[in-house]
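Subject: Structure for you to look at

Hello,

Here is the structure I said I would pass on.

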Amino acid sequence: MEEERGSYNNKKSLFLPGKKKEDVYHVLYKVPFGDSPYVRAKHAQLVEKDPEAAIVLFWKAINVRDKVDSALKDMAVVMKQLDRSQEAIEAISSFRGLCSKQSQESLDNVLIDLYKKSGKIDEQIDLLKRKLKLIYQGEAFNGKLTKTARSHGKKFQVSIKQETSRLLGNLGWAYMQKMNYVMAEVVYRKAQMIDPDCNKACNLGLCLIRQARYEDAQLIVDDILKGEIPGSDDIKSRKRAEDLVIELKSLIPSSHTLDLLVLDDEFIKGIEQLMNEWGPLRSKRLPIFEEISSCRNQLAC
């Protein structure tokens with residue numbers, strides 16, 4: 001009830017005396033002030049709901065160097081919504097040089113989604129590895145342990161630990177699409193060591209099923225259903241776990257050995273080498289990786 005009252009009061013405060021109509025308009029629609037190409041593009045996107053017109057105006061904003069960082073990213077997102085992912089990829093590749101250093105990380109995140117949607121799995125894997133390498137080297141987040149992120153207009157803090165686990169989870173899923181289940185398992189297990197969650201646990205369970213390791217998969221699913229993994233109370237995650245149980249019950253272990261893809265030895269050895277360095281160079285490395293260095297021997301090679 002208190003939350004509803006607070007929400008009502010917030011909306012009511014928009015219409016208090018002294019508030020200009022234009023101010024209320026911009027707050028409600030989250031449209032910036034002004035009449036520049038970028039502002040008009042956001043108006044077309046958010047108010048008029050005309051994505052094609054928004055793209056034209058975003059292009060104009062980029063050409064006149066009007067808020068290029070935001071214009072390029074927002075245009076790519078709109079293009080993705082219109083199933084123009086390849087065009088969005090080419091736009092980012094061609095014009096990201098005009099953007100600030102601070103915007104490159106968010107552009108990479110948009111690219112990862114674009115590669116995923118367009119089926120460019122190899123490109124997605126390469127970019128995820130590069131982003132992880134920056135974290136290993138202490139260069140992500142400008143050397144800080146947290147950063148401010150934005151989603152659906154709301155700001156929130158993301159730790160380097162959460163970001164590493166998220167990237168590893170995306171990398172694991174990309175390997176799943178390549179049917180390289182051995183490598184996917186390695187990556188998912190590392191992600192769970194850093195920042196466990198139910199979604200990645202379900203993906204790990206599915207990965208083990210694809211390797212015909214049904215008992216190992218059952219252990220993962222049991223942990224989810226017992227509520228022992230963060231996020232286990234999420235309805236969608238529990239439904240996924242229950243679906244995996246049904247799949248496990250329907251499967252009969254076969255006697256033949258699966259022809260699985262081999263590990264990406266060079267990548268894994270690189271991680272192990274970095275782990276070996278994290279201990280003695282504690283002052284130069286981000287501390288979260290020291291938490292998992294003791295488990296490096298679990299990597300399959």
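D66 lies in the loop between helix 4 (51–63) and helix 5 (68–81). Helices here are DSSP runs of H or I with at least four residues, strands are runs of E with at least two, and both are numbered from the N terminus.

Before going on, note that this is a predicted model, in which local features need pLDDT of at least 70 and side-chain atom pairs count only at pLDDT 80 or more, while totals for chains, interfaces and linings use all residues. Residues are numbered from 1 along each chain as its sequence is written, and side-chain values use heavy atoms, with hydrogens and water left out.

D66 is buried but has no salt bridge. Buried means under 20% relative accessible area, exposed means over 50%, and partly exposed is in between (1.4 Å probe, protein chains only). A salt bridge is a side-chain nitrogen of Lys or Arg within 4 Å of a carboxyl oxygen of Asp or Glu. For D66, the nearest side chain of opposite charge is K67, at 5.8 Å; Lys and Arg count as positive, Asp and Glu as negative, and His and the chain ends are not counted.

What does the side chain of D66 reach? It reaches the backbone nitrogen of Y38, at 2.8 Å. The side chains of D66 and S36 are also joined by a polar contact of 3.0 Å. A polar contact is a pair of N or O atoms within 3.5 Å; within protein, one must be able to donate a hydrogen and the other to accept it, and residues adjacent in sequence count only if both atoms are side-chain atoms. If neighbours within four places in sequence are left aside, D66 is in contact (heavy atoms within 4.5 Å) with S36, P37, Y38, A61 and A71.

S36 itself sits in the loop between helix 2 (21–29) and helix 3 (37–46). S36 counts as partly exposed, because its relative accessibility is 22%.

**Salt bridges**

The whole structure has 14 salt bridges. One of them joins R40 and D35, with the closest N and O atoms 3.9 Å apart. R40 is partly exposed, at 30% relative accessible area, and D35 is exposed, at 62%.

Another pairs E185 with R189, at 2.9 Å from N to O. Both residues belong to helix 10 (residues 181–194) and are four residues apart, about one turn of the helix. An α-helix has 3.6 residues a turn, so residues three or four places apart point the same way. E185 is buried, with a relative accessible area of 10%, whereas R189 is partly exposed at 31%.

E185 also forms a salt bridge with R213, where the closest N and O atoms are 2.5 Å apart. This pair links distant parts of the chain: R213 is in the loop between helix 11 and helix 12 (214–225), E185 is in helix 10, and they are 28 residues apart. R213 is partly exposed, at 28% relative accessibility. Through shared partners, salt bridges join E185, R189, R213 and D216 into one network.

Helix 8 (residues 121–136) has 16 residues and should span 22 Å at 1.5 Å a residue, which agrees with the 22 Å between its end C-alpha atoms. The expected span is 1.5 Å times one less than the number of residues. Among the buried residues of helix 8 are I121, L127, K129 and Y136. G138, with a positive phi near 75°, follows this helix.

M179 follows helix 9 and has a positive phi, near 60°.

**Core and overall figures**

The largest nonpolar core has 70 residues, and F58, L72, M75, I92, L114 and I224 have the most contacts inside it. Such a core is a set of buried Ala, Val, Leu, Ile, Met, Phe, Trp, Tyr and Cys residues joined through side-chain atoms within 4.5 Å. Helix 11 (residues 198–210) gives the largest share of this core, eight residues.

The protein has 15 helices and two strands. Of its 301 residues, 41% are buried.

Regards
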